[in-house]
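Open the model in your viewer and keep the selection tool at hand. This tour goes stop by stop, telling you what to select and what is there.

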Amino acid sequence: MLAVLALGVSGVAAAFAIPAIAAQMSASGTVTIKVTATEFRFAFSKRSVSAGTTVIFKVTNKGKLTHDFKIFGKKTPLLQPGKTATVKVVFKKKGRYGYLCTVLGHAKLGMKGTFGVGVKPPPTTSTRTTTTGTTTTPPPTSCANPSSSVTVGMFEYRFDLSQTSVPAGCVQFVITNHGLETHNFDLTGVKQGAILAPNGTETWAVQLAAGSKLYQCDVPFHAERGMIGTLTIT
């Protein structure tokens, strides 16, 4: 009789234990994390979760180029500007998990990082130059009242400049994308122009000292295909 009673008690205990274990296993539940892709970075609504969490990464491309998002061996399709896709990942173990855009060259430009599971993720880093120690940020180069102007046309895959030699001083650049792809005009070390969609345009002026300045398009592989050159400042 005692044996039967003990068996009954242990059975009741087991009946209570099973839901408790199940509840513990599903305590972390499912969360949706918004991921925004732009040139050339990812922005997260949340960069860490507890172990055991199922994460649905909702990835939206708000850039002007095609991007994707890969983490834990899973990847979205290539996303055109304005498009959204989701990736579902179950993170069972603590750790730091790398993510990146797999479009060739994009990770190198900054589209990569670490997602934390049960641990604090490392801080995000910027590719922009900052002031640290004895290193100083160069003075602003923007200027008003330009003394000369350069018209820059962008095509696949070349630049057309109205002139490739200008006098030192305040120089204005009027930049237009006449191509079918996105491009930008980066006057290396001076001014990085915006990435422009087809028919896009921008104008800016910078102070230039005598010498020579390299210019290029920063969109991956465009410089290698010919979108690079040198401006002479006399």
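This is a predicted model: local features need pLDDT of at least 70, side-chain atom pairs count only at pLDDT 80 or more; totals for chains, interfaces and linings use all residues.

**Stop 1: the open sheet**

Select strands E12, E18, E17, E14 and E15. These 5 strands form an open sheet, in the order E12-E18-E17-E14-E15. Their pairing is mixed. Now find the edges. Strand E12 (165-166) and strand E15 (191-192) stand there. Each has a single partner strand, so one side of each is left without a neighbour in the sheet.

Next, show residues 211-216 and residues 228-233. The former are strand E17 and the latter strand E18. The two run antiparallel, joined by 6 bridges. Pick Leu-214, and look across to E18: Thr-230 stands opposite.

**Stop 2: Thr-54**

Go to strand E4, residues 53-61, and select Thr-54. Is Thr-54 buried or exposed? Thr-54 is buried, because its relative accessible area is 13%, and buried means under 20%. Display its contacts too. Leaving out residues up to four places away in sequence, Thr-54 touches Gly-29, Thr-30 and Val-31, along with Lys-88, Val-89 and Val-90.

**Stop 3**

Most peptide bonds are trans. Here are two exceptions to inspect.

Select Glu-39 and Phe-40. The peptide bond from Glu-39 to Phe-40 is cis, with omega near -10°. Phe-40 sits in the loop between strand E1 (30-38) and strand E2 (41-44).

Then select Glu-156 and Tyr-157. A cis peptide bond joins this pair, and omega is about -10°. Look for Tyr-157 in the loop between strand E10 (148-155) and strand E11 (158-161).

**Stop 4**

Most residues other than glycine have a negative phi.

Select Phe-72. Its phi is positive, about 55°, although Phe-72 is not a glycine. The loop between strand E5 (70-71) and strand E6 (74-75) holds Phe-72. Phe-72 counts as partly exposed, at 46% relative accessibility.

Move on to Asn-145. Asn-145 also has a positive phi of about 55° without being a glycine. Find Asn-145 in the loop between strand E9 (112-117) and E10. Asn-145 is exposed, with a relative accessible area of 71%.

**Stop 3: the second largest pocket**

How much space lies in the second largest pocket? About 220 Å³. By class, the lining has 6 nonpolar, 4 polar and 3 charged residues.

Technical notes. Residues are numbered from 1 along each chain as its sequence is written. Side-chain values use heavy atoms; hydrogens and water are left out. On a 1 Å grid over the protein atoms alone, a cavity is a set of points where a 1.4 Å probe fits but cannot get out, and a pocket is an open set with protein on both sides within 12 Å along at least five of seven lines; lining residues have an atom within 4 Å of a point. Grid points are joined across faces, edges and corners, and a volume is the space filled by probe spheres set on the points. Ala, Val, Leu, Ile, Met, Phe, Trp, Tyr, Cys and Pro count as nonpolar, Asp, Glu, Lys and Arg as charged, and the others, Gly among them, as polar. Two strands pair if DSSP finds at least two bridges between them. Helices (H or I, at least four residues) and strands (E, at least two) are DSSP runs, numbered from the N terminus. Buried means under 20% relative accessible area, exposed over 50%, partly exposed in between (1.4 Å probe, protein chains only). Contact means heavy atoms within 4.5 Å.
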